[in-house]
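Here are my notes on the model. Please read them with the structure open.

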Amino acid sequence: MNSFLRKILGFFIVGIGMVILLFSCQATPVTQSQPTTTTPAATPTETPTTTPTPANFPPVASVNSEATLPAQLPPLPYAASALEKAIDAQTMQLHHDRHHAAYVNNLNEAIKQSPDLQNRSVESLLRDLNSVPENIRTTVRNNGGGHLNHTIFWQIMSPNGGGQPTGAIAGEINKTFGSFEGFRKQFNSAGGDRFGSGWVWLVRNPQGQLQIVSTPNQDSPIMDGNYPIMGNDVWEHAYYLRYQNRRAEYLDNWWNVVNWEEVNRRSQVSGQRS
Ligand SMILES: [Fe+2]
């Protein structure tokens with residue numbers, strides 16, 4: 001083959017190759033890089049506003065949940081001697097380790113034969129005492145209330161408490177009662193007037209307003225549809241070792257340990273129902 005023919009053959013082969021390459025490029029589908037898309041964040045759905053019912057009533061006993069059953073004695077959130085500004089260590093120990101423990105044990109004993117009651121919360125039982133069998137109703141009322149009331153009581157006191165109210169509750173107290181001093185006087189007066197044993201409370205009533213109420217024995221404000229924001233125990237077991245019969249002095253000193261931070265938290269939770 002002479003050089004002329006080799007050149008012709010070479011051009012021919014190169015030409016065929018280019019044609020094949022051209023077709024192969026066209027045959028291959030062009031894959032476009034897909035644009036990065038961001039799935040739009042789900043539009044937050046609004047929580048429907050509903051009228052509170054016993055089922056959706058905000059938790060009463062603790063930060064995260066209602067008081068579950070069987071009941072458990074919560075530990076004191078500070079040393080028994082930490083509230084000496086108002087309550088002596090021995091009173092705190094007896095009050096928590098004996099009295100509160102007895103409410104817990106008595107409540108559990110009362111409901112141990114009733115699995116359906118054990119699946120409910122203490123709050124649920126107290127809000128609907130008629131659903132509790134009559135033969136244990138009073139026991140559940142007294143001891144369920146005792147457990148719930150004392151669980152709240154330990155939380156709304158603090159070694160770092162006392163002084164003027166802070167946060168939103170301070171303004172609401174002024175608005176409702178005129179001043180903190182006015183509120184304190186009314187609260188102490190209601191606690192002093194409670195004949196026998198019971199509690200004095202600052203509650204949020206079903207109309208959403210702050211109100212001072214007093215309950216006898218271990219009755220809980222939730223039995224009347226009120227949300228307990230703060231409360232003082234005026235049973236003699238709460239103060240008698242130091243104050244003997246001087247309940248008024250105990251009521252006065254108690255303000256030195258009020259945990260306004262927790263009171264504010266409870267007030268905020270109570271507002272969720274209205
Ligand atoms: Fe008590």
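1. A contact here means two C-beta atoms, placed from the backbone, that lie within 7 Å.

2. Now the ground rules. This is a predicted model: local features need pLDDT of at least 70, side-chain atom pairs count only at pLDDT 80 or more, and totals for chains, interfaces and linings use all residues. Numbering runs from 1 along each chain as its sequence is written. The protein chain has a mean pLDDT of 83, and 75% of its residues reach 70 or more.

3. Look next at strand β1, residues 198–204. Helices (H or I, at least four residues) and strands (E, at least two) are DSSP runs, numbered from the N terminus. Of the 7 residues of β1, 7 are buried, so the strand is largely enclosed by the rest of the structure. Buried means 20 or more other C-beta atoms within 10 Å of the residue's own; exposed means 12 or fewer, partly exposed is in between, and C-beta atoms are placed from the backbone.

4. In a regular strand the side chains alternate between the two faces of the sheet. Both faces of β1 are covered. G198, V200, L202 and R204 are buried on one side, and W199, W201 and V203 on the other.

5. Which strands pair with β1? Pairing requires at least two DSSP bridges between two strands. β2 (residues 210–216) pairs with β1 in the antiparallel sense over 7 bridges. In β2, P216 is the bridge partner of G198. The two strands form a hairpin with 5 residues between them, and G208 in the turn has a positive phi of about 90 degrees. β3 (residues 227–233) is also antiparallel to β1, over 6 bridges. There, D233 stands opposite W199.

6. Turn to the helices. The axes of α6 (residues 167–177) and α10 (residues 260–271) come within 7 Å and cross at roughly 75 degrees. Axes are lines fitted to C-alpha atoms, for helices over the stretch in contact, and angles run from 0 to 180 degrees between N-to-C directions. That makes α6 roughly perpendicular to α10 (65 to 115 degrees). G167, A168 and I169 of α6 meet W260, V263, N264 and S267 of α10.

7. Finally, L148 in helix α5 (residues 134–155). L148 counts as buried because it has 27 C-beta neighbours inside 10 Å. V104 is 44 residues from L148 in sequence and 9.4 Å away in space, C-alpha to C-alpha.

Methods. pLDDT is the predictor's confidence in each residue, from 0 to 100. Angles under 35 degrees count as roughly parallel, over 145 as roughly antiparallel, 65 to 115 as roughly perpendicular and the rest as oblique.
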